[in-house]
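This report covers a few local features of one model.

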Amino acid sequence: MSPDHTTTAAVLPDSAGFLPPGLLSRLESSGPRYTSYPTADRFVEAHGPEQHMRALAQRSAGVGGLTGSGAPLSVYVHVPFCESLCYYCACNKIITKHHERGAEYLQLLDAEIRMWTQALGPRQGVTQLHLGGGSPTFLSDTELTQMTERLKAAFEWLPGIEASIEVDPRTVNEARLAHLKQLGFNRLSLGIQDFDERVQQAVHRVQSYGQVEALMKSARELGFQSINLDLICGLPLQTTTSFQRTLEQVIELRPERIALYAYAHLPQRFKAQRRIHSVDIPLPEVRLQMHAQAIAAFLEAGYEHIGMDHFALPSDALAQAKRQGRLHRNFQGYTVQPDGDLIGLGVSAISRVGASYCQNAKTIEEYRDALEQGQWPVVRGITLSRDDLVRRATIMALMCQGRLDFQALADAHLIDPRKYFAAELEALQNHAEQGLVTISDQAVEITALGWFFVRSIAAVFDRFLQLEGAREKFSKII
């Protein structure tokens with residue numbers, strides 16, 4: 001059955017009432033999510049282990065301000081394995097039912113962890129830990145115990161640590177959730193995408209509402225602090241009617257956080273997506289209408305809009321951080337953690353150390369070869385130029401605080417922002433005319449309506465997007 005191709009104009013609520021008709025479609029374009037700047041597509045192979053070791057030495061020497069040797073770290077661990085293929089997925093993954101591969105992978109992770117502790121010193125403080133993938137719950141309870149014990153031995157888990165793990169609802173039960181809680185995890189992220197069975201079958205990921213409901217009930221009884229649900233808008237066979245039902249079910253579950261992503265159909269880049277029939281994908285205007293449906297439903301249900309496609313209950317730490325101007329952003333998305341260095345462990349994981357980024361090898365074979373030779377498994381990265389640092393500060397200020405303070409930027413980088421960004425401020429006038437930003441002699445400020453288009457606003461300051469065709473690599477802004 002073909003999807004609903006209704007073309008009713010999408011509207012978004014804001015403080016003034018509704019989004020002017022047509023604004024959503026006029027501003028729709030592809031763009032980065034800005035979990036970093038420059039974005040990962042700008043990394044180069046010339047930045048390898050040698051450049052990474054130089055950045056580590058600078059951190060150990062206290063060079064880099066907030067990212068000096070004593071600053072707390074964030075740690076990300078990538079577990080690439082999944083038992084079954086989700087057709088929409090663009091993550092770095094390995095589909096296998098051979099669970100013995102997990103034990104070998106843990107040995108490789110252990111070798112990489114030793115390299116980090118040797119370079120930075122033992123027991124560095126950690127305030128954020130995230131296990132992603134793939135499906136971290138592909139690992140057995142014993143293997144998850146081994147991993148967390150190794151991490152706790154290598155790093156000091158500081159009081160109040162935010163320890164989160166991505167959970168495939170099809171791979172856990174109450175007993176497994178209890179084990180995760182015992183290991184120290186206090187936050188869960190569940191990949192839902194859509195509750196409609198036809199949509200689930202079309203993307204090869206079937207999980208019932210009742211199954212998710214039971215898991216969330218158990219998680220709350222066990223004392224998990226926060227549960228996030230991931231949704232995707234624009235999947236095959238989705239209709240405005242079916243998606244509305246999914247929204248209602250999500251709201252019934254009352255997760256503390258919701259991430260609403262727009263599906264990017266790029267079968268030329270992601271082989272799994274070739275199994276999705278293009279004719280089943282909702283037309284752009286329908287997808288925009290579903291996105292508007294979701295925003296309206298979440299706001300009406302009492303969720304606060306954090307930025308882009310993230311929502312949180314007012315009591316959640318993320319919503320509190322935004323109200324208090326303490327919001328930050330890293331490769332895990334919006335976070336309450338202070339701006340600082342990130343250790344990425346595992347295949348394809350990205351690390352940030354001071355003014356540089358680096359990414360590990362994307363295949364286990366290449367990752368293993370480097371570690372067995374006692375070498376960092378880094379295959380590409382980038383050292384930020386002075387211009388990159390200025391633009392990173394600018395983009396993150398807009399993405400997280402919704403305000404670019406000219407004097408603060410001038411003091412931090414010894415520039416005149418109005419002159420430095422003269423062309424960008426001129427280009428931003430279009431957004432100002434649409435009511436998305438206000439521009440004064442003191443600052444650029446994002447309006448309540450503008451928060452829904454923060455990627456589009458931030459992209460104005462991205463010099464790499466001036467390259468022909470650069471936007472085609474990214475997902476839709478909304």
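At about what angle to β19 does helix α13 run, and which strands does helix α13 lie across? Helix α13, residues 406-413, runs at about 55° to β19. The helix lies across β19 and β21. The model is predicted.

## A three-stranded sheet

The sheet is open and has three strands. Their order is β19-β21-β20, and the pairing is antiparallel. β19 (403-405) and β20 (437-439) are the edge strands, each pairing on one side only. From one strand to the next, the twist averages 10°.

Three bridges link β19 to strand β21, residues 443-446, in the antiparallel sense. Leu404 stands opposite Val444 in β21.

## Helices across the sheet

Helix α12 spans residues 386-401 and lies across β19 and β21. Its direction is at about 135° to β19. Helix α13 also lies across β19 and β21, at about 55° to β19.

## The α4 and α5 pair

Two packed helices are described by the angle between their axes and the distance between the axes. Here the helices are α4 (residues 141-154) and α5 (residues 174-183). Their axes come within 10 Å and cross at roughly 10°. Angles under 35 degrees count as roughly parallel, so α4 is roughly parallel to α5.

Which residues of α4 meet α5? They are Asp141, Leu144, Thr145, Thr148 and Lys152. On the α5 side, the partners are Arg176, His179, Leu180 and Leu183. By class, this contact has three nonpolar, three polar and three charged residues.

## Cis peptide bonds

The bond from Tyr37 to Pro38 is cis, with omega near -5°. Pro38 sits in the loop between α1 (23-27) and α2 (49-60).

Gly133 and Gly134 are also joined by a cis peptide bond. Its omega is about 25°. Gly134 is in the loop between β6 (124-133) and α4.

Leu237 is not a glycine, yet its phi is positive, about 70°. This residue is in the loop between β9 (226-233) and α8 (240-253). Is Leu237 buried or exposed? Leu237 is buried, because its relative accessible area is 12% and the cut-off for buried is under 20%.

Arg254 has a positive phi too, near 55°. Arg254 lies in the loop between α8 and β10 (257-262). With a relative accessible area of 33%, Arg254 is partly exposed.

Definitions and conventions: Residues numbered from 1 in each chain as written. Predicted model: local features only at pLDDT ≥ 70, side-chain atom pairs only at ≥ 80, totals over all residues. Heavy atoms only, no water. Axes fitted to C-alpha atoms, helices over the stretch in contact; angles between N-to-C directions. Helix = DSSP H or I, 4+ residues; strand = E, 2+ residues; numbered from the N terminus. Parallel < 35°, antiparallel > 145°, perpendicular 65-115°, else oblique. Contact = heavy atoms within 4.5 Å. Nonpolar A, V, L, I, M, F, W, Y, C, P; charged D, E, K, R; others polar. Buried < 20%, exposed > 50% of the residue type's maximum accessible area, 1.4 Å probe, protein only. Pairing = 2+ DSSP bridges.
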